[in-house]
Amino acid sequence: MKYSSKLSDAVHLLAFIDIQRQEADTLPADMPLALTSKAIAFSLHTNPSFVRQIMMKLKNAGLLISEQGTANPYLGKPAEDITLLDIYKAVEGDKPLLHLDKNINQECTVGVNIQLILQDYYDQVQQAAEAKLRTITLAMIIADYYKRVPAHSLPDYEIQIHGIPPTTSSTVRF
């Protein structure tokens, strides 16, 4: 069974962008912030193409603003106004959290009825999960991040963008 990690990847991406923008004030003036899909992919431990796919879904939902060809994405609305449900709907659409086995013997009354009964419970779980996701904002997640990693105490390693030495390149701190 394959599980989707799009929600956690999208939250990571949005938080990364917002945190990097907050930390940009600590960068030297000759190191402008470069939030390329390559830099974001490095943090997500994935490929830039996947990052661009997630960014497009977030952009279509109004949660992210970015222009093709620029390395300057930013949140589409304040982090306080972005809920986990907003992000989930942006990247997963109306896909439910729990799924029934559709490959059952239609001649078995137990199989058919168990699936119908489970669907009722799954619907209740979906409603409860969505209600909880509505109460958790991106701002809360970022605040919890800063409780774990105090502002301006990020590790002292940076990645080079486009292979240019760090003193003259655009840099993203991790």
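1. The model is predicted: local features need pLDDT of at least 70, side-chain atom pairs count only at pLDDT 80 or more, and totals for chains, interfaces and linings use all residues. Residues are numbered from 1 along each chain as its sequence is written, and side-chain values use heavy atoms, with hydrogens and water left out.

2. Of the 174 residues of the chain, 35% count as buried. Buried means under 20% relative accessible area, exposed over 50%, and partly exposed in between (1.4 Å probe, protein chains only).

3. H45 is not a glycine, yet has a positive phi of about 60°. H45 sits in the loop between α2 (37-44) and α3, and counts as exposed at 75% relative accessibility.

4. The surface carries a nonpolar patch formed by V110, I114, I117 and Y121, with about 390 Å² of accessible area together. One of these, I114, belongs to helix α5 (residues 109-135) and is partly exposed, at a relative accessible area of 41%. Patch residues have over 30% relative accessible area and no salt bridge; like charges are joined within 9 Å, nonpolar side chains (Val, Leu, Ile, Met, Phe, Trp, Tyr) within 5 Å. A salt bridge is a side-chain nitrogen of Lys or Arg within 4 Å of a carboxyl oxygen of Asp or Glu. Accessible areas come from the Shrake-Rupley method with a 1.4 Å probe; for residues, only the protein chains shown count as cover.

5. The largest pocket has a volume of about 440 Å³. Its lining has 14 residues, with K2, Y3, S4, L97 and H99 nearest the centre. Helices α4 (84-92) and α5 are the elements that give two or more residues to this lining. A pocket is an open set of points on a 1 Å grid where a 1.4 Å probe fits, with protein on both sides within 12 Å along at least five of seven lines; lining residues have an atom within 4 Å of a point.

6. The second largest pocket holds about 340 Å³ of space. Among its 14 lining residues, R52, S66, E67, Q68 and G69 are the closest to the centre. Helix α3 (residues 48-60) gives the most to this lining, with four residues. Volume here is the space filled by probe spheres set on the points, which are joined across faces, edges and corners.
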